[in-house]
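Here is a set of questions and answers on one protein model. Look at the structure first, then read on.

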Amino acid sequence: MSFGPFLLLALMEGMVTAAVLALAAVGLSLVFGVMRVVNVAHGAMFMLGAVIAWAVAAHLPAPAWVGFLAALVVAPVVVGALAAAADGLILKRLNYDPEATIVATIGLLYMIEQAALTFYGPDARAVTAPFTLRLQLPWFGYSGYKLFVVAAAVVVLLAVWRLMTRTRAGLVMRATQVDREVARAFGINVDRVYMGTFALGAALAAVAGVLIVPISQAHYLMGGDPLLLSFIVVIIGGLGSLRGTVIAALIIGLGDGVISMFFTPTLAKIIATLAVAMVLVFRPQGLFGAKA
Amino acid sequence: MNGGMNGGMKAGAGVWAVHLAVLAALAVAGLLLPAYHMTNLARIMVLAVFAMGYNLAFGYAGLLSRGHAMFFAAGMYGAGLPVWHWGWSAGPALMGGTLAGGVLALAVGLLALRTAGVSFMIVTLMFAQAFALSILYFNDWTHGDEGFVLADTGRSLLGWSMAADGPRYAVAWALFAAGLVISVLLVRSRFGRVMVALRENEERARMLGIDPFAAKLRVLVISGLFSGRGRGLCGAVRLCRRRFRRHPYSILPMLYVLIGGAGTVLGAGLGAGIMFYLTDFASSLTSAWLFLVGAALVVLVLFAPRGILGFVRARLWRDLP
């Protein structure tokens, strides 16, 4: 295969990474933007989405696509409810203190991972893709499901964008983000906004997990890499900025796709991690953020 | 703090009495305890050296670092690789481990301390990730994926073999004692006050003429030296697993410090001891001990954010360092 098609393949793989990453990172960014909470358990929510997708597919005696659609509904609802409970039982009682919530969500991360290990097991398990369409290009064939993942991510992200800019709920969330006290003075139930935001952020991670599972299998430790990448994306995109987050996800995803095609994966990861760390060090406000 | 020079000196004598009494009690315990608990206690003291280092950065200076697993690992490789490749003995190897932790902390600190708060946590986590990947990448040299067994020459110190219980306990105690004394001296010094000032309010500290960057860098390097020493010791006396495990080691020191009381010198050791026996007990019941670690973190931060000795300091003895 010559260079041109090879690059095209790398870019297409990068698009898939970018799409999933954008979903997970937008969830993290929403939570940080509105609540100023760094959710270290976000990767665990992603993993839970994938594991639930496997559980639904394995226990539902129906064609693969039915199970997949069911998982797309069940996973975000379950994970969102879990996040809402964590918010009410833990985060709220910590008064959303930044450092205390980091420690608490680290604890949450360990509890969720251990629970997954205990009830789901240490194996990586595959889920059949809902359809097996194959797109035949002149140089190589490409999985139609991967293109569907990109499309689905675009649809969900557009829905989030509409929610934030065009609905009353979005307005309330943005008002809380700008000033919690003033929002409360205007009669906004800030507690409910926080609970909803935390649940929404976790649900987005769960959707990303469901989408990725037919491509990469479900495993109880799969949340680590997406967590780190989401952090990177959110910070490079500028904390709390949705548009920046999506752009940064594209850069990181495509970059990852291209680098890992041309270098060994480990070296690629070392280079990418150090490069992004340098961006954080020398431009802490992110590439698109206005102020720190 | 306690009204006048006189009160300060009296408190100083009390502080030293308590800490030296703890050390004496540990020394006696080494003579009296059965072998099983003696090994455990040696292990706890080694972990406590690591935790004391973390406590200086996290508890006193307020640096929420996730990079300490990296300094810890640097200590292991700094001590272990020379033994493996060049046949060093344990003494120089320990120095090598300590230095490796400190040098890496200096390098990371120079870059990462340009950020603060959440960004600092993430940048240190990323450096740790890159470090862990590098260890795998240079596998021919580091044996990162399978670990390595040290020759016996690398495990003797001043002619004693570290494989025996008695000398091993003595070495662990000596390094724990050194760490404890250095910590008390440090936090009671002028620089100790600077660390607390940075934690409480960096802007005001700056207005008092303190250079936050230089001060934090010093804390981080000292903390890195402690971590490297703790891990170098671990390897030399074969008290902990040789394989580099990123996850627990980046969280456990934080847990120890939070249990014992962040910003208390003895808290790190107390937390390490409690958590060690709690984990020991829990793993006899279930293999799900990481769940316990997670639950302990959540419960602590919810109900006892100051830890055990933090409570003691708030209610009983204000001058506890």
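Q: Which residues in H5(A) do A:Met15, A:Val16, A:Ala19, A:Val20, A:Ala22, A:Leu23 and A:Val26 in H1(A) meet?
A: In this predicted model, two residues are in contact if their C-beta atoms lie within 7 Å. The H1(A) side consists of A:Met15, A:Val16, A:Ala19, A:Val20, A:Ala22, A:Leu23 and A:Val26. Sorted by type, the residues of the contact of H1(A) with H5(A) are 13 nonpolar, no polar and one charged. The partners in H5(A) are A:Lys146, A:Val149, A:Val150, A:Ala153, A:Val156, A:Leu157 and A:Val160.

Q: Are H1(A) and H5(A) roughly parallel or roughly antiparallel?
A: The axes of H1 (residues 3-35) and H5 (residues 144-166) of chain A come within 9 Å and cross at roughly 30°. Angles under 35 degrees count as roughly parallel, so the two helices, H1(A) and H5(A), are roughly parallel.

Q: Is the crossing of H1(A) and H5(A) left-handed or right-handed?
A: Two packed helices are described by the angle between their axes and the distance between the axes. The handedness of the crossing of H1(A) and H5(A) can be stated as well. That crossing is left-handed.

Q: Which helix gives the largest share of the side of chain A that touches chain B?
A: The contact takes 34 residues from chain A and 33 residues from chain B. On the chain A side, H4 (98-120), H9 (224-236) and H11 (265-282) each supply at least two residues. The residues of this side divide into 25 nonpolar, five polar and four charged. The largest share, 16 residues, comes from H4(A).

Q: Where in chain A is confidence lowest?
A: Chain A has a mean pLDDT of 85, with 96% of its residues at 70 or more. Confidence is highest in H8 (residues 190-216) of chain A, at 92. The lowest mean, 78, belongs to H11(A).

Q: What is the phi of A:Arg36?
A: A:Arg36 sits in the loop between H1 and H2 (42-59) of chain A. It counts as partly exposed because it has 16 C-beta neighbours inside 10 Å. A:Arg36 is not a glycine, yet its phi is positive, at about 60°.

Q: Which loop holds A:Tyr96?
A: A:Tyr96 is a residue other than glycine with a positive phi, near 55°. With 16 other C-beta atoms within 10 Å, A:Tyr96 is partly exposed. Its place is the loop of chain A between H3 (64-91) and H4.

Key: Residues numbered from 1 in each chain as written. Chains lettered and ligands numbered in written order. Predicted model: local features only at pLDDT ≥ 70, side-chain atom pairs only at ≥ 80, totals over all residues. Axes fitted to C-alpha atoms, helices over the stretch in contact; angles between N-to-C directions. Helix = DSSP H or I, 4+ residues; strand = E, 2+ residues; numbered from the N terminus. Parallel < 35°, antiparallel > 145°, perpendicular 65-115°, else oblique. Left-handed = near helix turned anticlockwise from the far one by under 90°. Nonpolar A, V, L, I, M, F, W, Y, C, P; charged D, E, K, R; others polar. pLDDT = per-residue confidence, 0-100. Buried ≥ 20, exposed ≤ 12 C-beta atoms within 10 Å, placed from the backbone.
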